[in-house]
There are 2 protein chains.
Amino acid sequence: MGLDDRKLAVLRAIVEDYVATQEPVGSKALVERHQLGVSPATVRNDMAVLEEEGYIRQPHTSAGRVPTDRGYRLFVDRLSRVKPLSPAERRAIERFLVGAVDLDDVVHRTVRLLAQLTRQVAVVQYPSLARSSVRHLELVPISTTRLMLVMIADTGRVEQRLVELPAPVPADDVTDLRRLVNEKLCGTRLSDTPPLVQALVEEVRVGLRPTMTTLATVLLETLVERHEERIALAGTANLTRGGLLDFHGSLRPILEALEEEVVLLKLIGEVEPSTTRIRIGDENEIDNLRGTSVVSTGYGPGATIVGGLGVLGPTRMDYPGTIATVRAVARYVGELLAQN
Amino acid sequence: MGLDDRKLAVLRAIVEDYVATQEPVGSKALVERHQLGVSPATVRNDMAVLEEEGYIRQPHTSAGRVPTDRGYRLFVDRLSRVKPLSPAERRAIERFLVGAVDLDDVVHRTVRLLAQLTRQVAVVQYPSLARSSVRHLELVPISTTRLMLVMIADTGRVEQRLVELPAPVPADDVTDLRRLVNEKLCGTRLSDTPPLVQALVEEVRVGLRPTMTTLATVLLETLVERHEERIALAGTANLTRGGLLDFHGSLRPILEALEEEVVLLKLIGEVEPSTTRIRIGDENEIDNLRGTSVVSTGYGPGATIVGGLGVLGPTRMDYPGTIATVRAVARYVGELLAQN
DNA sequence: GACTGGCACTCGTTACAGTCGAGTGCCAGG
DNA sequence: CCTGGCACTCGACTGTAACGAGTGCCAGTC
């Protein structure tokens with residue numbers, strides 16, 4: 001049951017070699033490449049134990065060992081230090097993110113950067129509306145019965161929505177409405193707005209009630225219910241590295257999963273403060289993605305978190321390096337947001 | 001040189017069978033499945049001619065024939081009628097597109113619909129800014145030295161951009177600026193704005209010149225230079241149908257190409273009025289995409305075209321069906337836009 | 001002159017047998 | 001508790017043979 005230090009060292013060596021070579025690793029090769037100070041036979045005994053405990057397995061009888069999901073988990077939790085970033089990576093991050101011109105730009109640059117550095121699939125969530133506050137609401141008359149509602153959040157996100165009014169509304173009334181909604185909603189967290197929006201209808205003179213009601217409906221829909229969350233994705237081509245050896249042959253289910261926003265959100269959206277979440281293989285809740293690992297974390301200005309980002313790759317991935325990169329990118333993005 | 005009717009019929013039969021079965025088609029199988037009224041031997045002679053002319057080829061000596069890019073081209077140009085849509089498809093299109101709530105929504109629904117109907121990779125360009133007119137410009141003060149510039153185009157597109165001002169600007173001046181830019185720019189085609197924007201600087205009193213200059217720069221950048229064009233993509237999972245038999249083995253180059261906005265734009269952005277453009281295999285200008293075929297067309301309200309959409313798939317695709325679907329979807333989207 | 005049936009030939013696919021070697025488990029001895 | 005040695009397993013690779021789909025060509029027929 002107890003794994004002594006050497007057995008752990010053996011497991012670490014197996015993980016490292018397997019990640020590097022992508023081939024099952026045997027006892028002989030192990031002692032050659034690592035200074036374990038014991039013979040292959042001893043290593044074999046340790047391996048037998050590790051296998052019994054479920055940390056490694058043999059693809060077939062006469063092959064070397066391969067880490068299991070459980071093995072990776074142990075490796076990540078107890079056997080690896082987070083690698084410091086190389087200066088080159090550090091520079092790449094800085095270079096990539098300066099000159100971003102608006103939120104869209106920041107998100108796009110970030111997701112590409114992440115994909116490039118980790119050589120895996122990268123996912124970045126736009127700052128969550130639920131975690132943002134209203135900075136400004138704008139009502140732009142398009143015609144007498146149509147308004148464009150534009151909402152600007154403190155995180156830089158801008159959402160817009162066309163509103164079909166039940167009756168023509170004169171320009172002055174639009175001005176009034178604009179002042180009212182801004183007065184009541186500016187500065188409030190979006191997650192707190194629903195009751196306030198409901199209340200707005202009462203605040204308005206009777207003639208404007210129907211208009212305000214439609215407006216309120218759209219506000220609620222836009223801000224709370226509908227495509228509330230947005231996601232950017234990059235690096236799907238990286239799935240084809242390792243020539244389909246990872247992902248046992250078919251990219252299909254993975255590509256399918258990556259097309260579902262809901263799935264992506266689930267992957268990186270559920271963030272707790274300052275943790276890096278690592279899901280390995282079967283630990284993933286999404287069936288299509290068992291067989292992959294996901295490293296995700298939250299980002300935001302200062303200590304608050306406004307969204308998540310992360311990468312997805314084969315379970316056989318360089319965890320220490322990936323974790324370091326994901327964290328570093330999240331930190332930089334946070335700083336960038338803080339500047340606005 | 002001259003291909004008589006029967007040889008054309010043979011070519012058509014080969015294309016149809018190959019598209020359906022994905023296997024090289026032999027002379028015997030051909031006469032069995034199609035009423036050609038001649039014997040396999042005769043068909044073989046015709047095949048020999050077709051091969052000599054470069055319309056079909058043999059993967060290896062003892063295999064059946066497979067159409068070449070040139071063969072598909074002839075098939076598309078002269079041997080196929082555009083299939084009428086099935087009622088089910090027609091219904092699917094209608095059902096999918098009603099209830100779209102804003103432009104983002106329309107584009108996303110469209111791209112998914114196209115991917116689903118054609119079972120291929122779908123690409124939809126947002127209405128091109130260059131082909132849109134300014135409907136409204138909004139300047140929203142964020143702080144004394146920061147404005148949010150929001151542009152609403154007549155096609156429904158909304159672009160925003162943060163503007164860092166060189167000096168604090170009082171609210172009244174913002175109002176003036178807003179009135180001025182709207183007065184001068186509303187209704188103009190975006191492609192015609194650059195000189196007008198330049199001229200704006202002169203229109204303003206000296207104290208506001210620096211502010212107006214920055215604003216003008218940002219306007220030009222946002223409206224003309226930068227991410228002017230946007231693209232939506234869906235259905236990449238469909239690349240894995242046919243188990244990598246299409247795309248001779250590697251999805252890599254294709255996925256890479258699909259991540260480049262520039263490439264996608266090139267694919268579907270170059271639209272002439274009411275043509276459906278079909279690029280087969282080597283006809284593609286993008287190296288990574290030789291080996292695929294692209295069917296694209298323009299869409300827009302009425303007869304004008306504001307953007308392109310299309311699908312990408314294996315050269316071995318159902319051209320008549322795909323063409324019909326792409327056209328139908330483009331038409332529906334155009335109608336939808338016309339309603340706004 | 002165009003079509004057809006027949007036939008020899010090609011060549012990829014499949015099946016099978018045999019060899020090789022990496023890697024293991026186990027055991028006896030230090 | 002570790003080690004060297006040894007028998008064993010089993011996938012990967014190689015070579016051979018049989019199979020069969022499909023062809024090209026030719027002589028014969030309408």
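What radius of gyration does chain A have, and what would a compact globule of 340 residues have? I began here, keeping in mind that this is a predicted model. Chain A comes out at 26 Å, whereas a compact globule of 340 residues would be near 20 Å.

**Entry: outline of chain A.** I looked up the box next. Along the principal axes, the C-alpha atoms of chain A fill roughly 90 × 35 × 35 Å. For secondary structure I noted 12 helices and 10 strands in chain A.

**Entry: inside chain A.** I asked what share of the chain is buried. Of the 340 residues in chain A, 42% are buried. I then turned to contacts in chain A between residues at least 6 apart in sequence, and found that 62% of them join residues at least 24 apart.

**Entry: the two copies.** I laid chain B on chain A and got an RMSD of 0.1 Å, using a turn of 180° and a shift of 0.0 Å along the axis. That is how a two-fold axis relates copies.

**Entry: where they meet.** How many residues does each chain bring to the contact? I noted 24 from chain A and 24 from chain B. On the side of chain B that touches chain A, at least two residues each come from strand E4 (134-143), strand E5 (146-153), strand E6 (158-164) and helix H10 (252-258) of chain B. E4(B) gives the largest share of that side, 5 residues. I also sorted the residues on this side of chain B into 12 nonpolar, 5 polar and 7 charged.

**Entry: one last check.** I found that 100% of the interface residues of chain B are also interface residues in chain A, so the copies meet through the same surface.

Key: Residues numbered from 1 in each chain as written. Chains lettered and ligands numbered in written order. Predicted model: local features only at pLDDT ≥ 70, side-chain atom pairs only at ≥ 80, totals over all residues. Least-squares fit on C-alpha atoms with pLDDT ≥ 70 in both. Contact = placed C-beta atoms within 7 Å. Helix = DSSP H or I, 4+ residues; strand = E, 2+ residues; numbered from the N terminus. Rg over C-alpha atoms; globule rule 2.2 N^0.38 Å. Buried ≥ 20, exposed ≤ 12 C-beta atoms within 10 Å, placed from the backbone. Nonpolar A, V, L, I, M, F, W, Y, C, P; charged D, E, K, R; others polar.
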